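Here is a short report for a first look at this structure. Please keep the sequence and the 3D view at hand while reading.

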Amino acid sequence: MSLLSALPLAMAAVALYVGFWHWRVFARGEHEREQLFFALLCLGIALYDVGAAGSYARGALGAAALWQRLQNIAIGVVGPALVWFVGAYTRRGSRRVAWALTAYYAFHVAALLTVWNSWTLSATPHVTAVSLPWGGSVVYEELQHGPLLRLSSLVHGLGILVPLVWAARYLAQAEGAER
């Protein structure tokens with residue numbers, strides 16, 4: 001195992017630990033929704049990190065599809081967990097919007113679990129180069145996204161933008177209350 005695949009695995013271990021701790025807080029009877037949603041968010045991040053470790057460690061391009069699929073499934077967990085966590089924590093946002101995004105992410109995960117053709121990941125390789133902060137770079141091949149994953153990328157943008165708007169409104173109101 002290379003150092004580059006060990007780092008995401010270490011991050012996955014931390015995310016799993018934090019997620020399990022928050023799940024235990026929720027399960028002990030406090031039943032604060034934000035604890036549950038944060039635990040799910042941590043689980044999704046851990047899954048994504050495991051997929052990243054696999055992408056960095058694999059040798060053949062053929063193995064790329066499984067690791068990329070795992071990363072994209074993890075995004076299908078992270079997206080709704082983030083939306084619901086921020087909504088629960090800030091007591092802001094629209095449940096209708098949260099449910100709409102959750103429904104799309106459920107479709108996203110279902111498609112990744114059932115559609116194994118070029119609609120999700122094409123057979124065309126795509127070279128990715130990442131510059132490291134301490135110098136050097138990592139270059140690895142992955143498969144290009146098909147039409148369903150390209151569409152999902154747009155929805156992922158909404159899945160990040162919506163909680164950011166809710167959090168900004170929460171912070172603006174908190175600052176206004178301090179004055």
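Glutamine 35 sits in helix α2. The model is a predicted one. Is glutamine 35 buried or exposed? Glutamine 35 has a relative accessible area of 14%, so the residue is buried, the cut-off being under 20%. Which residues does glutamine 35 touch, once neighbours within four places in sequence are left aside? The contacts of glutamine 35 are His22, Val25 and Phe26.

Helix α2 spans residues 33-57. Next, its packing against α3. The axes of these two helices, α2 and α3, come within 8 Å and cross at roughly 160 degrees. Angles over 145 degrees count as roughly antiparallel, and therefore α2 runs roughly antiparallel to α3. The crossing of α2 and α3 is left-handed.

## A salt bridge

Side chains of opposite charge can pair when their charged atoms come close. How many salt bridges does the model have? The count comes to one. Glutamate 34 pairs with arginine 91, and their closest N and O atoms are 3.4 Å apart. The bridge links distant parts of the chain. Glutamate 34 belongs to helix α2, while arginine 91 lies in the loop between α3 and α4. The two residues are 57 residues apart.

How do the two partners stand in terms of accessibility? Glutamate 34 is buried, whereas arginine 91 is exposed.

| Residue | Relative accessible area | Class |
|---|---|---|
| Glutamate 34 | 14% | buried |
| Glutamine 35 | 14% | buried |
| Arginine 91 | 61% | exposed |

## The nonpolar cores

Now to the nonpolar side chains. The largest nonpolar core holds 13 residues. Phe37, Val83, Ala98, Leu101 and Trp166 have the most contacts inside this core. Which helices each supply at least two residues of this core? They are α3 (64-90), α4 (95-114) and α5 (147-178). Helix α3 gives the most, with five residues.

Tryptophan 166 deserves a look of its own. Leaving out residues up to four places away in sequence, tryptophan 166 touches Val83, Val86, Gly87, Thr90, Arg92, Gly93, Ser94, Val97 and Ala98. Among them, Val83 and Ala98 are also listed with the most contacts inside the largest core.

Notes. Residues are numbered from 1 along each chain as its sequence is written. This is a predicted model: local features need pLDDT of at least 70, side-chain atom pairs count only at pLDDT 80 or more; totals for chains, interfaces and linings use all residues. Side-chain values use heavy atoms; hydrogens and water are left out. A nonpolar core is a set of buried Ala, Val, Leu, Ile, Met, Phe, Trp, Tyr and Cys residues joined through side-chain atoms within 4.5 Å. Buried means under 20% relative accessible area, exposed over 50%, partly exposed in between (1.4 Å probe, protein chains only). Helices (H or I, at least four residues) and strands (E, at least two) are DSSP runs, numbered from the N terminus. Contact means heavy atoms within 4.5 Å. A salt bridge is a side-chain nitrogen of Lys or Arg within 4 Å of a carboxyl oxygen of Asp or Glu. Axes are lines fitted to C-alpha atoms, for helices over the stretch in contact, and angles run from 0 to 180 degrees between N-to-C directions. Angles under 35 degrees count as roughly parallel, over 145 as roughly antiparallel, 65 to 115 as roughly perpendicular and the rest as oblique. A crossing is left-handed if the near helix is turned anticlockwise from the far one by less than a right angle, and right-handed if clockwise.
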